Every structure is written in structure tokens, then in C-alpha cells.
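Hi there,

Here is the structure I promised to pass on. Please have it open while you read, and my notes follow below.

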Amino acid sequence: MALVETPFVSAEEINTLCSYEKIMENQRQVFKNYFLDQAVMGPRAILSQNENAQFSYIARASTDGPTIVKFGTVVPSNAGRDIPVVQTTVSVIDATTGSVKLFLDGEAVTKWRTVCASMAAAKELSNPVKKIAVIGVGHQGAAHLLAAKHIFKPERIIGIDQDLKKSDLGIEITQDIQAAYDCDLIFICTNSQEPVINSVLNSGSTCISIGSFAPNRLEVSVSALSKADKVFGDDAKTISEQSGSVVKTLENYERSWQYAQSIGGVYAGNIKGRENKEQVIYYFSVGLGIQDAALAEFILANGKF
């Protein structure tokens with residue numbers, strides 16, 4: 001029998017199919033599904049290699065949907081090479097035959113699902129947004145900047161990065177981390193293992209962290225996070241075990257919040273999100289396989305494959 005080559009869906013094809021609004025809804029739905037036990041996620045495997053890491057995981061976004069297997073690497077030094085810090089490939093397994101139906105460009109999948117999950121959480125948890133800060137303007141940070149401008153249309157948006165040359169993004173760039181504290185909404189998109197937020201945020205602030213994705217990565221200090229009113233994440237159990245800032249703060253018995261909560265419960269209407277305009281709220285994302293599976297389902301449904 002002749003071998004049939006498995007199609008590869010490029011970043012360009014994925015970008016053509018996706019929009020912020022469509023994928024925000026796609027991500028809201030999969031978090032809701034997971035909270036209601038209608039999505040499946042296997043354990044994530046990680047192998048550390050000095051500061052680098054290799055990982056893989058398996059997941060399904062819905063009861064009858066295809067299973068995906070995602071594998072890739074995290075290489076922080078790639079930031080200086082102008083290539084993605086996170087490099088991945090997603091394979092989509094046909095739910096009927098068990099054959100690999102598609103390979104998806106992993107960087108495009110990761111960008112869309114991460115950015116849109118961040119925007120959906122920010123939309124749900126934030127007060128009206130006038131000022132936005134994005135800390136770390138690498139590949140993901142730049143993508144968050146563009147999405148935040150489109151979704152929130154703020155009066156002011158600033159990027160905080162050591163490389164001032166990134167002003168070519170068409171926004172204000174500063175090295176002063178203190179500029180973030182004057183903003184209503186803060187996105188932290190760094191590769192830092194040390195906290196970049198060390199002080200308590202202003203009343204009413206919302207902070208979205210995507211870089212505290214492992215126990216040794218703390219974008220937010222224990223002293224700052226201890227004073228938050230509420231802490232949410234893509235999955236409460238996962239961030240309580242894997243997100244460094246949350247893991248370390250849970251060891252501090254003098255914190256204002258009791259435990260982390262899943263954003264899926266908010267989308268399902270089972271958990272309250274922001275309850276008043278004064279609350280300081282954090283959202284931590286470590287990235288879940290169900291998010292990739294949800295985007296894979298979207299691509300299958302809307303592409304010609």
C-alpha cells in the first residue's frame with residue numbers, strides 16, 4: 001500500500017483561519033469543558049537540561065474530539081538568537097482511525113492559544129482598562145501587545161524590556177519596571193527565574209503571568225502575591241504544583257487568599273471572578289495540552305484538510 005504523506009499546516013495557514021475573538025471563545029470553551037470533566041489531559045513530561053527543557057503531553061479538548069500529542073523545547077538563550085524560546089510541533093490523531101491526520105506548526109498554535117487564553121482571562125477578570133503594561137517583549141510579549149491593543153483599545157500601552165530597540169513595534173518601550181504599577185492590566189511574558197514584580201500592585205489591578213510555568217520560575221515574588229485578593233489559573237491544581245510563584249506563595253501561611261482557582265469554573269458560572277473594583281487579581285498560565293487540542297479542533301473544523 002502506498003504511503004500517504006501527513007499534511008503539515010503552516011503558520012501562515014493557521015494565521016489565516018484564526019482571529020482573536022474566535023480563539024478567545026475557543027479557549028473559554030475548553031477551560032469550561034475541562035472544569036466540567038468534558039476534556040481530557042494526560043500528565044506533562046519534562047526533561048531539564050541545564051537552563052533548557054524538553055517536554056511532551058497528550059490531550060483531548062472534548063469527548064469525541066481528536067487527541068493531540070505536542071512535543072517541544074524551551075531554550076531561554078534563543079531570545080538572543082531571534083528565534084522562539086519555545087519551539088514545538090503538534091500532531092493531531094484521527095479519532096476514528098487512530099492515524100496521525102495532521103501536523104501543526106507548534107509556534108503558531110502556542111502563540112494563538114496562549115495569547116487568546118490571556119486575553120479571555122483578562123477580559124473576564126479586569127476592571128475597565130485604560131492603561132496596559134507588557135513586561136518582556138519577546139515573541140510572546142509582542143503577540144500579547146498586539147492582541148491587547150486590538151481587544152482593549154487602551155488609552156496607553158507600554159512595553160517593558162531591556163532592549164529599547166523594540167520600539168519598532170510602534171509603542172512606548174521603557175526599561176523602568178515601575179511603569180507597570182501605574183497600569184490597570186499587566187501581562188508578564190518573561191523567561192525570568194527571578195521575580196520581576198516585587199511590590200504589591202495598586203488597588204483594582206489585574207496581572208496575567210505566562211512565564212511562571214515551572215516550579216523554579218517566579219515572575220511574581222511571594223511578598224507581592226501574598227497580598228493578592230484572588231489567584232486564578234488555567235487549572236488550579238496544575239498551577240499549584242507547577243507555577244513557581246503560586247507554589248512558593250502557597251507555602252506562606254500569611255497570604256490574603258486561601259487557594260488558587262480554575263478559570264474554567266468562572267466561565268462555567270460555578271466560581272466568582274472579580275467581585276469588586278478594588279480587588280487585586282492574578283492569573284497564572286503554565287499552558288495546558290487541552291488548549292492545543294481545542295485549537296486543533298478549530299483548525300480541523302474550519303480548514304480544508
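**What I found**

With a relative accessible area of 68%, T16 is exposed, because anything over 50% counts as exposed. Please keep in mind that this is a predicted model.

T16 is part of helix α1, which covers residues 11-17. A polar atom of the T16 side chain lies 2.9 Å from the backbone oxygen of E12.

Next, a residue with the opposite label. D161 has a relative accessibility of 13% and therefore counts as buried, the cut-off being under 20%. You will find D161 in the loop that links β9 (156-160) with β10 (172-174). The side chain of D161 has a polar atom 2.7 Å from the backbone nitrogen of V137.

The last stop is strand β15, residues 281-284.

- Strand β12 (residues 206-209) runs parallel to β15 and is joined to it by four bridges. Within this pairing, I208 sits opposite Y283 of β15.
- Strand β13 (residues 230-233) is likewise parallel to β15, again with four bridges. Here G233 has F284 of β15 as its bridge partner.

Happy browsing, and do write back with any questions!

Best wishes

How values were computed:
Residues are numbered from 1 along each chain as its sequence is written. This is a predicted model: local features need pLDDT of at least 70, side-chain atom pairs count only at pLDDT 80 or more; totals for chains, interfaces and linings use all residues. Side-chain values use heavy atoms; hydrogens and water are left out. Helices (H or I, at least four residues) and strands (E, at least two) are DSSP runs, numbered from the N terminus. Buried means under 20% relative accessible area, exposed over 50%, partly exposed in between (1.4 Å probe, protein chains only). A polar contact is a pair of N or O atoms within 3.5 Å; within protein, one must be able to donate a hydrogen and the other to accept it, and residues adjacent in sequence count only if both atoms are side-chain atoms. Two strands pair if DSSP finds at least two bridges between them.
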